[in-house]
Amino acid sequence: MSRRSMSQDLTRKNQDLRKATEGLAKSKRKATNVEDERERRDKAVEEEEGEESTKLEMNILAKKWSYVFEDEILHRDSFHNDHKTSSFRATYVLSRNNKVDVCSEGHLTVTNYLLFFEPDDDNTLPGGSHHLIFPLSYICRLSVKERPKVYPTKSTSTVNKDNASIASVSTSILNTTSTSSISTSSSNHNNNNNNNNNNNTTTPVDVFELEFTTRRYRPVKFQVDKSLRIEALMEMLRMLIFPSEVHLTFAFTYARRHPIGHKFLVDRGDSKEKESPDGEVWSWSTYNVYEEFKRMGVDYERETESLQTTTNTGTNTNITGGSRYRCTKVNTNYEICDTYPQTLYVPAAVIDEDIKQVALFRKKGRIPAMTWKERHSNVAMFRCSQPQVGVTGQRSNADEWMIEKIVEANDSVRDSILYVMDARPKLNAQLNKAKGAGFENASFYKNIIIDFLNIPNIHVMRKSRQALSRIIHTPKHKDKDWLVQLANTEWLQYIRKLLKGTYKIVSVIKTQQCSVLCHCSDGWDRTSQLCCLAQLCMDGYYRTLKGFIVLIEKDWLYFGHQFDTRIGHRLDDANGDDERSPVFEQFIDCVWQLTQQFPTLFQFTPNFLLVLLDHVYSCRFGTFLGSCPKQREQWSLHQHTLSLWTFLQNSHHSASFVNCFYRPNTFRHTIFPLYHSKSIRFWNDCYLRHCPEHIMHIAPEFAQDSSQDKLLLQLKLELEEAKKENALLLAKVRANAHVVEQDMD
């Protein structure tokens, strides 16, 4: 070959190489532009969600139909379908360390929803009688004993020194012939009152002492005269407090012929999601599983169409591009798990037959199901129950295959790892092997790391909460020992462990870009706590009012937390309380901790959390009745009871639920919880709002100091008013300048 031909060939190759390089650069720029466009689109969607969250509108029913839900304290005499069953004279007694602190005569009234006490003299209850108004469903235990009568004297009363001394009063209650109506004899009461005013000493008299214990372990005591038919009264109370059937609870009675509620009862006979009669009003259909996972980047219709061939043929081909997860209806009739929802999201490469095999290996059939996915990637969080390995180390090929596909579905990083976050202490997990359960063997599963979070079980939490209640309501220690006694309950220590576990999950997902599988024993207590707290930290949508409601619906109600047994609705603790535990209350406490650590990142206030927690126990709404979707469908709660979410949006206190300092531009912010002991606070407004000191004194002594918040709110309102005035002045200046320009022309 000549030198000239070699030169021409080299030139031609250089030109081809230049063209290939330019083509590669163009394709890279095109791919980059597509990615940038997708990122801009996703960012625009998030900004739109943030703007929608600021458009939150409360009390919609008041504006459209002039209706606001009743309040237990403000409207205790005018509740819909609430009827008085009995009213009789009683003495409220508050005693600590064998010393009577409060003794107040008055009337105790029982309705089919409420129990409330009205004192004859408000001065005998300086903290107010609202401490003694609560739904009957709050009560978990009641007992009656014969006790010596306690008389209100100046030494046991907390009135001001300038007030006249309160004379001793003895009551006389007439026998009744009906269990539904117990009345008093006012004439006998007046005579006894006059006699006691004339005598400085009284003769000891035995009376009946009624003691109620609430489901949050607060004791409340009343003394009634022995002439009262106590057997009939106790029978009536037990029938109202512990109904034998769920349809006898007040939630069903309250919704019957409700003036506005019929507009929001949803027919779930076909088990399909229905739209709310008004999209703005929160109700039973506020949570839509398809819309929620579509928000996360898993489009049900698109993924079903693209994966139809894969699932039908039974082949497990690799899925490239887009979401690697799919929706499955394998549990439509609750065949594989009766405590799971009908619609589940799993890795796209896992077929339904494999899911059925996995359900046989996981306790109670609670398979690994996706509960959250990062919108911009395939990093996801799954939840399930413990595997049934037993002492012999049983294995399941289907379970190992599914875990492997969860690992492969995350294409965000090369050589991805799945973190199995076991909420239990490792010793407890090992002991469960003797019961046929246990935990995953890392040598059998590819690319997994097991991390034990050392969170104790429900029985330890119950004992801790009971100890906390004892030091609040019936203390046997001096005031100087309060912090020591609080530490001994270990309640804040368990809050710290939950926040630390949350921190680990958030760090793995956000920092390492690895997926997480979270479980405890059954996968419905500690699992729900950790999954929800992690999602609150990673997803700004759940930090809005509506988003928080969606989160509770998804991870607590739809994934089968056992509210019926953990809260103990309709259950008498006298027959045992082994399954009761403050799991949800503990979760709400952790949420409050986050709102205190990051006060501008949450749209809701602590007051919202308090009202929500109160109505978990109230049985006024059907939202928290039942333990799983299947049970709620069987009870037809959507058709015969009202949703708590409608109340929270349309109550007298709804305006106080919105955080005025919330910044909607924090949607993309990730929260890393502060879990050190110095960062954990005690929630005074929740645990101390009914403590003896609040009842004994006019001014609440232990409420959280909100003076700074009120000052900041006032300054913010003044700043907004100043901005409006400046805008008006600027508009006037521009208008005047325009007029001057026209005159000059």
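**Reading sheets and cores in this model**

Mentor: Let's start with a parallel pair: strand E11 (residues 380–384) and strand E14 (residues 516–519) are joined by four bridges. Keep in mind that this is a predicted model.

Trainee: Which residue stands opposite cysteine 384 in E14?

Mentor: That's histidine 519.

Trainee: In what order do the strands of the open five-stranded sheet come?

Mentor: Read across the sheet and you get E10-E11-E14-E12-E13, with mixed pairing. E10 and strand E13 (448–452) are the edge strands; each has a single partner, so one side of each lacks a neighbour in the sheet. Neighbouring strands here are turned against each other by 25 degrees on average, direction ignored.

Trainee: Which strands does helix H9 touch as it packs on the sheet?

Mentor: H9 (residues 397–409) touches E11, strand E12 (418–422), E13 and E14, and its direction makes about 120 degrees with that of E12. Helix H14 (residues 526–538) also packs on the sheet, touching E10, E11 and E14. The direction of H14 makes about 165 degrees with that of E11.

Trainee: How many bridges join E1 to E2?

Mentor: Twelve, and the two strands run antiparallel, with E2 spanning residues 99–111. In the hairpin, two residues sit between the strands, and asparagine 97 takes a positive phi near 55 degrees. E1 also pairs with strand E7 (residues 219–224), antiparallel over three bridges, and there valine 93 stands opposite lysine 221.

Trainee: How many of the 13 residues of E1 are buried?

Mentor: As a general idea, side chains in a regular strand alternate between the two faces of the sheet. In E1 (residues 84–96), eleven of the 13 residues are buried, so the strand is mostly covered.

Trainee: And the core? Which residues touch the most other members of the largest nonpolar core?

Mentor: The general idea is that nonpolar side chains tend to be buried together in soluble globular proteins. Here the largest nonpolar core has 172 residues, and Tyr92, Ile367, Phe548, Phe584, Leu612, Phe624 and Trp645 touch the most other members. Take phenylalanine 584: beyond four places in sequence, it touches Ile552, Trp556, Phe563, Leu613, Val616 and Phe624. There's also a second, separate core of seven residues, with Val246, Ala251, Trp284 and Cys619 among them.

Conventions. Residues are numbered from 1 along each chain as its sequence is written. This is a predicted model: local features need pLDDT of at least 70, side-chain atom pairs count only at pLDDT 80 or more; totals for chains, interfaces and linings use all residues. Side-chain values use heavy atoms; hydrogens and water are left out. Buried means under 20% relative accessible area, exposed over 50%, partly exposed in between (1.4 Å probe, protein chains only). Two strands pair if DSSP finds at least two bridges between them. A nonpolar core is a set of buried Ala, Val, Leu, Ile, Met, Phe, Trp, Tyr and Cys residues joined through side-chain atoms within 4.5 Å. Contact means heavy atoms within 4.5 Å. Axes are lines fitted to C-alpha atoms, for helices over the stretch in contact, and angles run from 0 to 180 degrees between N-to-C directions.
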